[in-house]
Amino acid sequence: MNKLRWAMDGGFWDLDRSTPRTLEGEGRAVPGEPLPLGVSRGTRLSRPKQIDFFQRFMFAPFIPSYSASSHGFSLQRVLALPLTENWFATLLAQFNLQKFVSSFKKNGALQSSRLENIRKHLEDKSLYALGFCSELLLSPCDTLLLSLDFYGDDNNKKPLWPGLYIDKAGNYWDVPFSMAIDLASLASDSGASYHFCMHHSAGQPMQLGGDETVEVPATLLPGISLKSAFSLKKNVEIWRSNAQKLKMVQPFDIFLSNPHISASGVIGAAVMACFGDSSVRPQVVDESQQFEGFCLRAPAVKSTLLVDAFSSVSFTAQHGNFQRLLLDLTRFHARLDFPSASKFLSGATRLAQDFCNSQQPTMETVQAICPKATVSFQQQIAGPFSFRVDSGVEIDWKNKDWHMCVDDPVFAIEYALHVLGSAKAVAWYSPKHREFMVELRFFEA
């Protein structure tokens with residue numbers, strides 16, 4: 001698997017998000033709306049293969065997940081069907097344990113031990129969901145994935161597609177037809193890179209639960225959007241430890257075995273063209289889309305052209321080799337994103353004018369020049385276990401003192417599978433979305 005892309009893609013491109021709302025355990029970010037760092041995902045194993053790994057090698061008969069906005073606490077299990085060496089099929093079953101227990105309490109069945117009552121409750125089809133997945137390995141780097149889901153909950157009046165879109169407010173959208181093509185250069189520590197993405201949507205998006213008054217994101221409306229970018233990245237190593245590692249002791253994670261302090265910077269330009277209904281909505285160029293540069297619109301032919309520049313600065317510090325049993329890993333990562341150069345320059349110009357005129361800057365002016373900040377902290381607890389928190393950092397603009405506050409934190413306990421070099425089982429929880437999930441991740445630094 002390729003190393004996950006953490007530096008810029010989660011803020012400017014459409015990565016998958018881990019979510020228990022779907023049987024596949026993932027959803028897509030609404031184009032133009034970055035997701036929290038802790039749940040943004042790059043290349044990974046499919047959800048059925050993850051659960052199959054847990055069952056085979058970690059002796060976990062059931063994998064738990066929780067979503068307060070949908071099915072509550074559920075258990076998942078997979079039946080693997082290896083057809084050929086390059087063809088792998090699975091049947092994923094999900095059981096809604098929380099709803100099963102609630103039905104017992106509601107009907108007073110907990111006071112009765114009769115098997116008839118248990119059988120009656122287990123016959124409720126709304127407790128179950130099934131997902132069939134077929135993976136055909138076309139080449140060492142290409143896989144054809146087909147999936148089909150069946151939900152026993154009769155509340156779903158309309159059929160849902162396996163993949164859902166998630167906006168930054170946590171709302172889930174089901175799009176009748178969606179197709180995306182991504183072409184990008186291989187990730188590198190320094191140098192030039194490019195990225196091209198084409199996204200096509202058709203049909204009226206449907207929101208799942210939540211506030212029905214929320215307007216449909218413009219980029220999900222029927223239409224085609226093309227986005228391309230070119231960027232330059234530079235890494236600077238400030239310090240790296242030359243101390244000898246413990247002999248005959250393998251690090252729990254080879255990517256987290258070198259104490260160091262480093263910084264990196266990225267600068268680039270992006271062009272976005274929209275055609276169809278998604279181009280005529282003013283939300284395409286509002287603040288939520290993080291794209292406020294040069295705009296050329298042609299309403300008669302339903303098209304919009306957007307051009308802007310972006311930049312990012314990050315800092316990473318690590319102490320410990322992750323070899324010893326206690327407190328041998330402390331890692332901190334911070335990133336500042338400037339997603340729109342035009343927005344920053346216009347805000348800086350207004351700020352300079354206010355100072356020259358001896359006027360107090362407005363809240364909107366200061367907010368325009370402030371970058372989007374994210375931080376990540378990881379600490380070893382004992383052995384292969386470590387605690388990690390990823391969060392955005394925002395200024396409370398409604399507070400006159402402009403207090404700092406966390407934005408959409410994600411807490412996780414990680415178990416490093418050091419026999420595989422760089423792999424881990426992750427149990428994470430998002431307080432804002434009230435979601436919990438257990439996952440398997442590879443090559444993630």
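Arg21 lies over the face of Tyr172, 4.4 Å from the ring centre. A charge is taken to sit over a ring if NZ of Lys or CZ of Arg is within 6 Å of the ring centre and within 35 degrees of the ring normal. All of this comes from a predicted model, in which local features need pLDDT of at least 70 and side-chain atom pairs count only at pLDDT 80 or more, while totals for chains, interfaces and linings use all residues. Residues are numbered from 1 along each chain as its sequence is written, and side-chain values use heavy atoms, with hydrogens and water left out.

As for the overall make-up, the protein chain has six helices and 23 strands; these are DSSP runs numbered from the N terminus, with helices (H or I) of at least four residues and strands (E) of at least two. Of its 445 residues, 44% count as buried. Here buried means under 20% relative accessible area, exposed means over 50%, and partly exposed is anything in between (1.4 Å probe, protein chains only). Among contacts in the chain with a separation of 6 or more, 60% come from residues 24 or more positions apart, a contact being heavy atoms within 4.5 Å.

Now to the inside. The largest nonpolar core holds 15 residues, and Ile51, Phe54, Ile63, Leu92, Leu417 and Leu440 touch the most other members. Such a core is a set of buried Ala, Val, Leu, Ile, Met, Phe, Trp, Tyr and Cys residues joined through side-chain atoms within 4.5 Å. Helix H2 (47–57), strand E22 (423–430) and strand E23 (435–442) are the elements that give two or more residues to this core. Apart from it lies another core, of seven residues, with Val30, Trp173, Val175 and Leu221 among them. In soluble globular proteins, nonpolar side chains tend to be buried together.

Ile51 in particular touches Ile63, Gln76, Arg77, Val78 and Leu92, leaving out residues up to four places away in sequence. Just after H2, Phe59 takes a positive phi of about 55 degrees.

Strand E22 is also the place of Trp428, which counts as buried at 1% relative accessibility. Trp428 and Phe387 are 41 residues apart along the chain, and their C-alpha atoms are separated by 9.9 Å. Phe387 turns up again in the contacts of Gln379, which also include Leu327, Leu329, Thr330 and Ser386 once neighbours within four places in sequence are set aside. Gln379 is found in strand E19 (residues 372–382).

On to the aromatic rings. A search of the whole structure finds seven aromatic pairs. Rings of Phe, Tyr and Trp (its six-membered ring) pair if their centres lie within 6.5 Å; planes under 30 degrees apart count as stacked, over 60 as edge-to-face, and the rest as tilted. Phe95 and Phe100 form a tilted pair, 5.5 Å centre to centre with 55 degrees between the planes, and both residues are buried. Phe95 also pairs with Tyr128: the centres are 5.6 Å apart and the planes stand at 45 degrees, so this pair is tilted as well. Phe95 lies in strand E6 (residues 87–95) and Tyr128 in strand E7 (residues 128–139), so the pair ties together parts that are 33 residues apart in sequence. Tyr128 counts as partly exposed, at 35% relative accessibility. Ring pairs thus link Phe95, Phe100 and Tyr128 into a cluster.Elsewhere, strand E16 (residues 294–298) and strand E17 (residues 303–319) pair in the antiparallel sense over five bridges, where pairing calls for at least two DSSP bridges between the strands. Leu296 stands opposite Leu305 in E17. The two strands form a hairpin with four residues between them, and Lys302 in the turn has a positive phi of about 50 degrees.

Finally, the cysteines. With a disulfide taken as a pair of cysteine sulfur atoms within 2.5 Å, the count comes to zero. Cys197 is buried, at a relative accessible area of 6%, whereas Cys370 is partly exposed at 30%.
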